[in-house]
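Open the structure in your viewer and keep the selection tool ready. We will go stop by stop.

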Amino acid sequence: MNNNSILIDRYLQNEMGADEKAVFENQLAADKNLLEELAMQQQIIKAAETAGLKNEFAKAIKKRIVTRRLIKWGAIITIAVAAFVFYMIKTNLFTHNGNSEGNKETKSFPASEKFDINNSSDTIIETKDGVVFAIPAHAFNSNNTIQLEIKTALNPYYIMQNGLSTMSNNDMLQTAGMFYINGYDNGKQVLLQKEIAVSVPAKNINPAMQLFDGVKDSTGRINWVNPKPVEKRLRTYDITTLDFYPPRYIPTLKALQKNSQNKKYIDSLYYSFSGWPFFRKPYMEVGSIYFPENSALDQYQKDSMYKEQQEMVDKYNKEQQSHEFHYEINPAKIKAIWDKKFNNTIVATKEFEERLKYLHSLCTDEYLNAYLENLNKPLYVIDELIAKNSYGDIKKKFLEFASHKHGGVFVADALQQKLSNYFQQKSKAYKEAAEKTWIKYQAELQRINNIANVKNREEALRNFTREENNFKEELCINLTNAYKQIGVNKNCNDTIVPPADKYYNVTITTTGWKNLDVYVFDATKNRQSMEYKDPATGKTAKLIYKEVAIKIENEQQYDRVLVYLIPDGLSSFQLMQKKENSFKEGLNSLFSYDAIVLAYKGEQVYFYRQTSMQTKEYTFSLSPANEQSIKNILQVYASNKVKDVTAEFEYRLFEQKEALRQMQLRKDEDFREKIAASIFNCGGEGESPRPIESQTK
Amino acid sequence: MTDNEIIEHLKNNKYGKALNGLYNLLPSIKKYISANNGTADDAQDVFQDALVVLYKKIHTGEFNLTVPLKTYLHAVVKNLWLQELRRRKKILITDSENDTADFAIDEEPVFGNAEAAFNLLGEKCKQLLMLFYFSKKSFREIAAVLAFSDEKIAKNQKYRCIQKAKENYLQLSKTSTHE
C-alpha cells in the first residue's frame with residue numbers, strides 16, 4: 001500500500017506520462033483493491049480540501065469576532081526565528097489601502113495590540129502570542145507616553161494563508177514568525193532611538209534563522225531584506241557556580257581518591273600549578289652546598305661534589321627545556337577570571353564554560369585570550385574571529401561554536417578595559433606568587449638534598465675508614481697471635497702490612513715470616529680459619545673463624561634492619577652482611593663479640609643487644625626503643641666505640657628520615673605529575689600551535 | 001448585502017467578504033445548538049461546516065436558491081447537527097418548526113470517514129495537505145512555511161501524511177462495520 005500512495009497521488013495529480021498512465025489504468029481495471037484505494041485516496045484529498053476551505057471560513061469568522069476593522073499596516077518586520085532579537089523599526093515601508101479588501105494579502109492579520117508605555121522607564125510587554133518586547137527607557141524620541149502598536153503573526157499556516165510573503169529577493173524564506181511594532185505620540189509616529197530586545201517564542205531554535213526587514217515592493221508584496229543573524233543573548237550565572245577546571249582535572253582527583261568536594265583544596269592544588277616548573281626560568285640553580293662544621297670531607301671532595309651537582313642541575317635544566325609547557329593555559333589565568341568581578345560578562349555563561357573545556361585541550365592560551373580581550377563582543381563573533389585565524393580541526397570546532405550564534409552580554413567599554421587590566425594584573429600576580437612558592441620549595445628541597453648528600457659521603461668515608469682500621473687492627477692481632485703460636489714474639493707494628501696490590505713486589509729479605517703474613521692476611525681478609533705449619537720450627541699457627549648466623553623475627557616488617565658486631569679487641573664495630581635469609585659473619589675466636597641490632601620502621605626504631613655471642617644460629621626478637629635509651633645502652637662500650645656506634649646510629653636515623661622524606665617526595669611528585677597530566681595536555685611532545693597573531697600574518 | 005452578492009463572493013473565493021453578509025447568522029445558530037446539547041464551539045464548527053456545504057454547492061454549479069440564504073443555511077446547520085448528534089448517539093432535537101421540509105437537503109453525510117481520518121492527523125500533516133491540495137502551494141513554499149529543510153522532504157512527508165490518513169480511514173471503517 002505504501003508504494004500505491006505515491007502512484008495514486010501521481011496519477012491523481014496528473015504527473016504520469018502517457019505510457020505510465022496507461023499501465024496504471026490497466027492495473028486499476030484489473031485490481032479491485034487498487035481501485036478502492038484510489039477512491040479512498042481521492043476522498044482523503046477531498047477531505048484535505050474541505051478542511052482547507054473550512055479553515056478559511058473559520059479564519060473569517062474568527063477575524064470577525066476579533067476585530068471589526070481592517071488594520072492599516074505601517075511596516076512589518078519578520079524574523080525568521082525566535083530567540084532574542086534586536087531590530088530597528090522601519091516606518092512607512094508598507095502601507096496598504098484599507099479598501100482593497102478583496103486582496104487577501106493583508107486583510108486577515110490579527111488585530112494589533114495596543115500598549116501605553118511610559119517612555120521614561122524600562123518597560124517589558126508581552127503580546128497574546130507570547131512575544132516579549134523589552135523596551136529601554138527613552139527608546140523613543142518623545143517625552144510623553146507612547147502608544148505602542150504591535151502585531152504578531154507566528155503561525156506558519158496563518159502567515160501563508162494570509163498571503164504574507166516569505167520571499168526575499170525571489171528566494172523563499174523559512175519563517176518562524178513575523179512581527180510589527182510602531183510607536184505613536186498622540187497619533188504621531190515617533191522615532192525609535194534605542195534598541196528593543198524582542199523574544200519570539202519558538203519550539204526549536206534553528207541557528208540559521210535571521211532577522212529581516214520587510215519592504216513593500218512595486219507590486220505591493222513584501223520583500224524581506226537586510227538579513228541580520230539572530231544571536232542568542234546569553235544568560236549569565238554566578239561565576240562561582242560554573243566549572244572552569246580542565247575537564248580531566250576533577251575526574252583525576254576522584255580517581256586518586258582525593259577529596260574532590262573540598263573546593264578550597266582543589267582550587268589551591270590547581271592554582272599551585274601556576275608555578276609548575278615548566279613555566280619557570282631559570283629552572284634550577286646550584287645552591288650553596290651545606291657542609292657540617294666538622295665535616296670529614298677535604299677540599300677536593302667538596303669541589304668534586306659541587307661539580308657533580310652542577311652537572312646534575314645542567315642536565316635537569318636541559319631536560320626541562322625540552323618540556324616547555326608554557327603554551328598551555330596557566331591556572332593563574334583561570335584563577336584571575338574565575339572571579340565575581342567577571343559576573344555579568346560572557347565569561348560567566350554556560351556557553352563560555354563549554355568553550356573553556358575545549359580551550360583547555362589546546363596547546364595555547366591564545367584562544368582564551370581572544371575571548372578575554374573581547375568581553376564586550378558576542379561569543380559567536382569571537383568564535384568566528386578565532387576560526388578565521390586557525391585551521392584544521394580547531395577551525396572546525398570554532399566554526400561549530402560560531403554556528404550556535406551565541407550572543408554577548410552587554411559590557412560597557414570602560415568596564416571591558418577595567419576587567420582586561422584586572423585580568424592581566426591578577427593572572428600575572430598569581431603566576432608570580434605561585435612561581436615564587438615553587439622556587440622557594442625547590443630551594444628548600446635542594447638544601448635538604450645537599451645536607452643528605454654530604455651526610456652520605458661522610459658516612460661512606462667513615463665506613464671506609466672504619467673497615468680499613470678494623471682490618472688493620474684485626475690483622476695485627478691475628479699476626480701477633482699467629483707468630484706467638486710458632487714461638488715468635490712479634491708486635492704487629494713490626495710488620496709492614498702489605499697492601500694487597502703491592503705485596504708481590506716487595507723485596508723479600510727474610511723467608512718464612514712473610515709466608516705466615518700472607519696466610520694471616522688472607523685469613524683475616526676472608527674471615528676464614530687457617531692453619532700454618534712453620535717449616536723452620538715445625539710449630540703450627542692456627543686462626544679460627546667460626547660463623548654466626550642471626551635471624552630477625554618478622555624481619556620483613558621493618559623498613560631496614562642493620563646488625564652490628566662489636567668485638568672487644570677492636571676499636572670499632574663491624575656491619576654484618578646479609579646472606580640469603582640471615583646475617584652471617586665469621587667470628588674471630590680471639591675476640592668476644594656483642595651483637596647489636598638496629599631496625600627502622602617509619603620513624604620508630606627497634607633494638608636488640610646480645611652480649612658474648614656464640615658461634616651458632618640466633619633468632620632475635622626486636623623491641624621498640626627510643627633514640628636516647630639506645631644511646632644510653634651503647635655507653636657500656638669503650639669511648640671510641642661509643643663514638644663510632646653513635647655516629648653510625650645517628651646517621652642511620654637521618655638516613656631513615658631521609659628515606660621517608662624521599663618516599664613522600666616521590667609520592668608527592670608522582671601525584672603532582674598525574675595532576676599536571678590532567679591539567680596540561682600538550683607535554684613537550686605535541687606540535688606547538690602558532691599563536692593567533694602570527695597566523696594572521 | 002443581497003444573497004446573490006454573497007453567492008458571488010463565495011464563487012470568487014472571497015471568504016471574508018462573503019462572511020460579512022453571513023456573520024449575523026451566528027447568534028441564532030448558537031442559540032439553536034446550545035438548546036440542543038451543543039456548545040458555542042460546536043455552533044461555530046457547525047456554522048463553518050454549513051458554509052463549506054454552501055460553498056461546495058455553489059462551486060459544483062448545482063445550486064439553485066429557492067429560499068432565502070439564511071433559511072437555507074439554518075436548514076443545513078440543523079441537518080449537520082442532527083448528523084453530528086447521531087454520531088454522538090444523542091438524538092433529541094427539540095424543534096417545533098419544520099422549515100427543513102420546504103426543500104431537499106442531501107441526506108448523505110457531508111463529513112464522513114475521510115474527513116474524520118483527516119482530522120485524526122497531526123497538525124503538521126493537516127497543514128501540509130491543506131496547503132498542497134486546497135491552497136495549491138508548491139513544495140518549495142510548503143517547505144519554507146513548515147520548516148522542512150527542502151522540497152524533497154516536504155514531498156516525501158506529503159506521501160507519509162496521505163498514507164497515515166488512509167490507515168486512519170481503514171481503521172475507522174473497521175470500527176463502523178463492527179458497530
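A disulfide is a pair of cysteine sulfur atoms within 2.5 Å. This is a predicted model: local features need pLDDT of at least 70, side-chain atom pairs count only at pLDDT 80 or more, and totals for chains, interfaces and linings use all residues. Residues are numbered from 1 along each chain as its sequence is written, chains are lettered from A and ligands numbered from 1 in the order in which they are written, and side-chain values use heavy atoms, leaving out hydrogens and water.

**Stop 1: the disulfide**

Select B:C125 and B:C161. Their sulfur atoms lie 2.0 Å apart and form a disulfide. The link is left-handed, with -85 degrees about the S-S bond. Over all chains, the count is one disulfide.

Buried or exposed: which is B:C161? B:C161 is buried, at 1% relative accessibility (buried means under 20% relative accessible area, exposed over 50%, partly exposed in between, with a 1.4 Å probe and protein chains only). B:C125 is buried too, at 13%.

**Stop 2: the interface**

Now show chains A and B together. Here 47 residues of chain A are in contact with 48 residues of chain B (contact means heavy atoms within 4.5 Å). Between them, the two chains bury about 4,500 Å², 69% of it on carbon and sulfur atoms. Buried area is the accessible area (1.4 Å probe) that two parts lose on being put together, summed over both.

**Stop 3: a salt bridge**

Select B:K136 and A:E49. Their side chains meet in a salt bridge at 4.0 Å, N to O. The rule asks for a side-chain nitrogen of Lys or Arg within 4 Å of a carboxyl oxygen of Asp or Glu. Across this interface of chain A and chain B, it finds five salt bridges.
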